[in-house]
Amino acid sequence: MAMQQEWVNKDYYGDLGVSSTASAADIKKAYRKLARENHPDNNPDNKAAEEKFKRVAEAYDVIGDEAKRKEYDELKSMVNSGGGFGRFGGAGGSGFPGGFRSTSTQDFDLGDIFGSAAPGGQAGDSGFSDIFGGIFNRGGAAGRNARPSRGADVETEITLSFREAVQGTTIPLELTGDAPCTTCHGSGSLSGKTTTCPHCSGSGFLRENSGAFGMARPCPYCGATGEIIEDPCPTCSGTGTVRRARSITVRIPAGVIDGQKVRLAGQGEAGPNGTPAGDLFVSVHVEPDTVFTRSGDDLEVTIPVSFGELALGGTVTVPTLDNPVKVKVPANTPDGRTLRVKGRGVPRRSGTAGDLLVTVQVVVPSSLDAAATSALRAYAQAEKDSGFDPRADWAGLS
């Protein structure tokens, strides 16, 4: 519930710069662009960019997930229409749709708000209960929504080398948590059968009347599942899960950045009594490389060259993520110039790749033999005789 309460004051669509009707592809595209622009590696000591990066990541974690986005949209729609949580734990209003504030029980029907009472004390369907059912995992309808919807999400961290992150890799992970019981195959029952709880008639909740208000509490007899296991599995005590270590292989896609989370659907903890497993979120940490740095989808490398190679031009061999490439250096290239090699940068999911940005940097020899010294002196004199002055018109000098 706490997470959804935080959503009330958040504008996740605004944080990503997209409309509330944006497609999943547009949301992902906006996230990737903003994450690259505001990543701490590209904005050192920039607190504003760091905060923006965090907001973008939080926004994508919610509206980039289909189920969470639906809950978020329902919640925002309810709040914007004037409703609130009131005493139910959230923002605004009286706790009823439209900010209803009447104190007279004759002015409204609680059954219209929470769902009309059905035979057997079950709650009927209503728009309001459907919203709260989705947000708080408690359906207004009987039975089918009272059962826990899935297993817990799991978070873990990995550290990759720079090249593994750029090129993608497959790594093994060891996880310890709830896994399906092998004795009952996750059902919690030796026979695999369950019966409807007679106490709550399968709703998972017991209704209690207190004056004008009807309250509901989780059924203690079935654990709010709406079903009773008559022959519980002795291995898992009827839960359908046991705690054990397991090994999985995780595919990390090419191009992940430091701090990014990779979501693996269904790889979290097993759900109770055969419900779906949660998700696994892998936080990626990337080690720096001794040769390359990264700017978005482009790779950057600085290559040492001689003065002669810049003045006369030539061809130099430059490393890439796989095989080295030959790069032509034009004559009279200034020190520090960056040359672009198309398509040799970070791979993209589209099948294309960024570019390789090669910066040339002159290296001065630490010592010269007699022949080299003599030749260099002759060149320096010829350079002077030609009228070349590297400091001409610089800082008022002539």
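Cys181 makes contact (heavy atoms within 4.5 Å) with Gly186, Cys233, Thr235, Cys236, Gly240, Thr241 and Val242, leaving aside residues up to four places away in sequence. The model is a predicted one, so local features need pLDDT of at least 70 and side-chain atom pairs count only at pLDDT 80 or more, while totals for chains, interfaces and linings use all residues. Residues are numbered from 1 along each chain as its sequence is written, and side-chain values use heavy atoms, with hydrogens and water left out.

Cys181 sits in the loop between β2 (169–180) and β3 (195–196); helices (H or I, at least four residues) and strands (E, at least two) are DSSP runs, numbered from the N terminus. With a relative accessible area of 1%, Cys181 is buried. Here buried means under 20% relative accessible area, exposed over 50%, and partly exposed in between (1.4 Å probe, protein chains only). Cys233 lies in another loop, the one between β6 (227–228) and β7 (241–252). Its relative accessible area is also 1%, so Cys233 counts as buried. Besides Cys181, the contacts of Cys233 take in Thr183, Cys184, Gly188, Ser189, Leu190 and Gly238, again not counting residues up to four places away in sequence.

Both cysteines turn up in a database record. The UniProt annotation "binding site", from an unreviewed entry, covers Cys181, Cys184, Cys233 and Cys236. These four span 56 residues in sequence, yet no two of their C-alpha atoms are more than 8.9 Å apart, so they gather at one spot. UniProt positions are given in the numbering used here, feature names are shortened, and annotations may be inferred rather than shown by experiment.

Thr241 is in strand β7 and, at 12% relative accessibility, counts as buried. Its contacts include Cys181 and Cys236, along with Asp178, Ala179, Ala270, Gly271 and Pro272, not counting residues up to four places away in sequence. Thr241 and His185 are 56 residues apart in sequence, with their C-alpha atoms 8.8 Å apart in space.

Turning to the helices, α3 (residues 24–38) has 15 residues and reaches 21 Å from its first C-alpha to its last, close to the 21 Å expected at 1.5 Å a residue. The expected span of a helix is 1.5 Å times one less than its number of residues. Buried in α3 are Ile27, Ala30, Tyr31, Leu34, Ala35 and Asn38. They cover an arc of only 125° around the axis, which puts them on the same side of α3; the arc is that of the directions from the helix axis to the C-beta atoms. Exposed residues Ala25 and Lys29 are carried on the face of α3 turned away from that buried side.

Helix α4 (residues 47–63) has 17 residues and reaches 24 Å between its first and last C-alpha, close to the 24 Å expected at 1.5 Å a residue. Its buried residues are Ala49, Phe53, Val56, Ala59, Val62 and Ile63. At the start of α4, a side-chain oxygen of Asn46 comes to within 3.2 Å of the backbone nitrogen of Ala48.

Ile63 also features in the largest nonpolar core, which has 21 residues; Tyr12, Leu16, Val18, Ile27, Ile63 and Tyr72 touch the most other members. A nonpolar core is a set of buried Ala, Val, Leu, Ile, Met, Phe, Trp, Tyr and Cys residues joined through side-chain atoms within 4.5 Å. Two or more residues of this core come from each of α2 (12–16), α3, α4 and α5 (66–80). Ile63 itself touches Tyr12, Tyr13, Leu16, Ile27, Arg69 and Tyr72, not counting residues up to four places away in sequence. Apart from this core lies another, of 20 residues, among them Val301, Ile303, Val316 and Val341.

Two further residues round out the picture. Ser283, in strand β9 (residues 280–286), counts as buried at 12% relative accessibility. Its contacts are Thr156, Glu157, Ile158, Gln260 and Lys261, not counting residues up to four places away in sequence. Pro365, by contrast, counts as exposed at 52% relative accessibility, and is found in the loop between β15 (356–362) and α10 (370–385). Pro365 and Phe307 are 58 residues apart in sequence and 10.0 Å apart in space, C-alpha to C-alpha.

Across the chain there are 10 helices and 15 strands. Buried residues make up 36% of the 398 residues.

Conventions
Polar contact = N/O pair within 3.5 Å; in protein donor to acceptor, adjacent residues only side chain to side chain.
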